[in-house]
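Subject: Structure handover, with notes on one helix pair and a sheet

Dear colleague,

I am passing on the structure below, and my notes on it follow. Please read them with the model open beside you.

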Amino acid sequence: MMKLRFPSANHLRELWIAFWKAKKHFLVPSHSLVSPVKLLKLNKSNLVDKEKVAQEAISLLWINSGVAGLRQYFLGIKKPPSKRIVNIQKAVRTNDIENIGKTNRHLSFFEMMGNFSLGDYQKKEAILWAWEFLTDLKWLGLDKKKLFITVYHKDEAAIQICQTNLKIAPEHLILGDKNSNFWDLGVGPCGPNLEIFYDLGEKFDPKKQGITLLQKNIDNERYLEIWNIVFSEFLNSGNGKYQQLPTKNIDTGAGLERILTVLQDKNNCFETSLFVEIMEFLSKHLQTSFILQSNDQLNDKQKITNKSFKIIADHSKAVVFLLSDLLETQTNLKINFNNHRGYIIKKLIRNALGQIQFFKINQPFLSEIVPIIVIKMQKFYPNLSKWANKVKAIIANQETVFLSLLQSADKFLNSLSSETISGKEIFRLVTELGVPLSLVKKKAEQKKIRLELDNFQNLLSKHEEKSKTQSTGLYAGPYNLSGLPATRFMESKTIVTKAEVLGFLPNIQNKSQIWIVFDKTPFYPNRGGQICDTGWLISPKGEKIPVLDVLISEYKQYLHLVDKTPEEMNEKNNFFTLKIDDTNRSLIRNNHSATHLLHFALRSIISNRIQQNGSLNNEKGLRLDFSIDNLSLNLEKLQKVEQKVNDIIQEQVTPRIDLVSEHEAKQMKALNFFKVETNSDQKVRVVTFNSYSVELCGGLHVFNTSLMQKFLITRIEKKGANNYRIYALTTNKIIKNFWSSVEENFDIFLKKYRLNFEKLLNHNIFSVLANKMQKQKKFFLLWAFYKNELESKIKKYFEKQQKKLIIQSAQKYIISKSDFYSIDKYCIIWHKIQVSNQIPNHYNFEFLRMVFDQYKNKANTFCFLLIENKNKNNNFIFQFDNHFKIIDWKEFFNSYFQNKIKFGLKENKMQGMIENIDSKMFLQALKTKIKKHLS
């Protein structure tokens, strides 16, 4: 067992509470990790201003800071038990989970010790008390020489307190900027902050950068932040305007694990008494050791072992706390591991299990750590013992499921005869069997099997996009909407209606926006591949607020996103007029109906084996994803598909919409891309275009195909093995704009390569297509379809030609003696180059480098070459003597050109661009600089 200078985490907790109670603070127990945020309904108690709504209802799956559970007090929504509060809040953060095990300080579960003032004491007391607790021998007694303070450079009061009252040495007080020392969430209370760091020593500073790490706010392992005081003085309106808060607050956060690391003189949090029993347990069962040394002193194998130990220990602890608190809130004691909080817990468990696999452990193991954590932490968190057995059983079950998946994965890998795992096979392992990609890579490395990761990423992107398409519009936030009635969607011909507000809640991505739920709506949501309607909410007094997005929840409420809380929305006046943009909806209808017709045409002309995978229909156009084995496709076939759709448009077909049972839909041979149970009595919606297209669909469609006017396929691309995506447009105006854009882009392309249309047609690159290019329009059609392929060929060809020209031109340049300037034994080669008109500007640097290569090897030589361009952006290369430091030249160039210069530095060479250079004056300044250096 380790010997510890400081006894325990419990002792630190007791000291913290005792200190702040002596300062008349009220102890608030730790909140549950399960965020208490719920749907905000319309009543007097929560009709607060936009900033309060945004701050109170920040979407948290878990409590992630010491202040998160106290926000209602800071916003004035609930009266605090005291103006002075102390707490020790358990918290979870998984947004930077990839850093766990890599750094000394990252944890997914941690304890944040906090002291708070709500309009009571201010900066002086907060700073002096922080220093007292950290340095007084009665409390922690840390060495003041090891402590460094950073403070906002404009916070004169805090700076004065540090200098006068703390008498801190000047080199230990660092003035930070707004990025490092100003706490601001964009909307709501904000202010400068003061941070206290502990110096862990030079062994964590391999580059010996010292205090520069803090001065330049460089991420590092040497200076460990152990204390942060936010002086909440201002209100940010969200548009960059700040105003003084009527009541100023103090929000302090001190990481318990970090302070314990310092007190117990350890290299990182995982070596403290909080983790010692877990590490000893792991060492025993994994038959290897966790070495208590800084990372730089470990060999590569031990670094990997230590990292695995850290991840297993951290994730185990987080899972025990998360499950305990989640079970406390569940009535049926069942955890859904495929949704929201449950998914995060499952991810943590599997990440930890993935690490265990590296030690060749193939039996349930992680659940055995639960009792160790419970015994260690139950004194301060008593609910752990209440749920210990249930938590252990849940983790053991998850382990069994995962280990079974791993066995399937091993069988799958062993069955492969090839030395390569295809992207499709990796995709199956990761998505179907649930094996973490990191583990797939590790097993492949062990078996010396190559992975086709590029193909896998393509399939994964397609899968994610497909999943997104098929579930588009389903609200998946943390709020429980089961208590609200469903929203009634008005018939598709309704474009305006009056509706009552049922409730509202903040947008988790943008705290200045809110979602509003109405009893009925004409707005169609993002659903089934169709984008939502746009339009407006209109208040009784005529205030017009744009609707930005519309989603639907699993309980059938429609959520309308707006960027402001309507001023007139209150308990007595919550009826608004909802009006959609009918012009925009018409375009969406066109494209949705065209998608059905395109699907039909593809199946009838290409192959009836085509399977639709997803679609997207908006006001700009449409796309259809489909799959088929051994597709035989060419431009002529696609033109036939396009013509078929246009023929149906010209027939002026009126679609029929039927609500029928799933069995009846089956008899109608309605196409769909989800499972239909034919014995179900559930009603489904079937959209029929005469004898052509019959599909299950809940979306909006044209009243007659003639409204689409015209149909054009613009592009088709392969998205993976046997998977394709096709793009198309409708209406005369949009198609005309498309052709104009194609011609414009093509003209830009020709100019880039100094070509003209006739020259391009006669070029051998196009010999295969030449006989098909009888009309210019026909060529543009080819260009639209094969743009990437053709441009790639042209680019390669002309790059090859241009390089030949550049080499020939560069070899002609011979610098005369008049271009040499001798300074003692040194020599400046100066040359201003006029480039041939045959060489495009974007080849200037390449040409310049080739000329430069002829002179760069001259001993003791400075060389400056310049290309003077007509647009006044002059390219240059400058090689300087090795006796000069890079920073000297950087300062010289920036000073001479007053920072109006762009350049890069590498070893003893600079390359960049200068605006407006006077050659003679600059040469003189260059000679003076060199002479000064030599003297």
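In what follows, axes are lines fitted to C-alpha atoms, for helices over the stretch in contact, and angles run from 0 to 180 degrees between N-to-C directions. Helices (H or I, at least four residues) and strands (E, at least two) are DSSP runs, numbered from the N terminus. This is a predicted model, in which local features need pLDDT of at least 70 and side-chain atom pairs count only at pLDDT 80 or more, while totals for chains, interfaces and linings use all residues. Residues are numbered from 1 along each chain as its sequence is written, and side-chain values use heavy atoms, with hydrogens and water left out.

Helix α17 (residues 582-605) packs against helix α18 (residues 635-650) at an angle of about 130°, their axes lying 9 Å apart. The contact (heavy atoms within 4.5 Å) involves residues of α17 including Leu597, Phe600 and Ile605, and residues of α18 including Lys637, Val641 and Ile648.

Turning to the sheet, three strands form an open arrangement in the order β23-β24-β25, with antiparallel pairing; two strands pair if DSSP finds at least two bridges between them. The edge strands, β23 (656-661) and β25 (693-696), each pair on one side only. β23 and β24 (residues 683-689) are joined in the antiparallel sense over six bridges, and Ile657 has Val687 of β24 as its bridge partner. Helix α17 also packs on this sheet, where it touches β24 and β25, and its direction makes about 115° with that of β25.

Best regards
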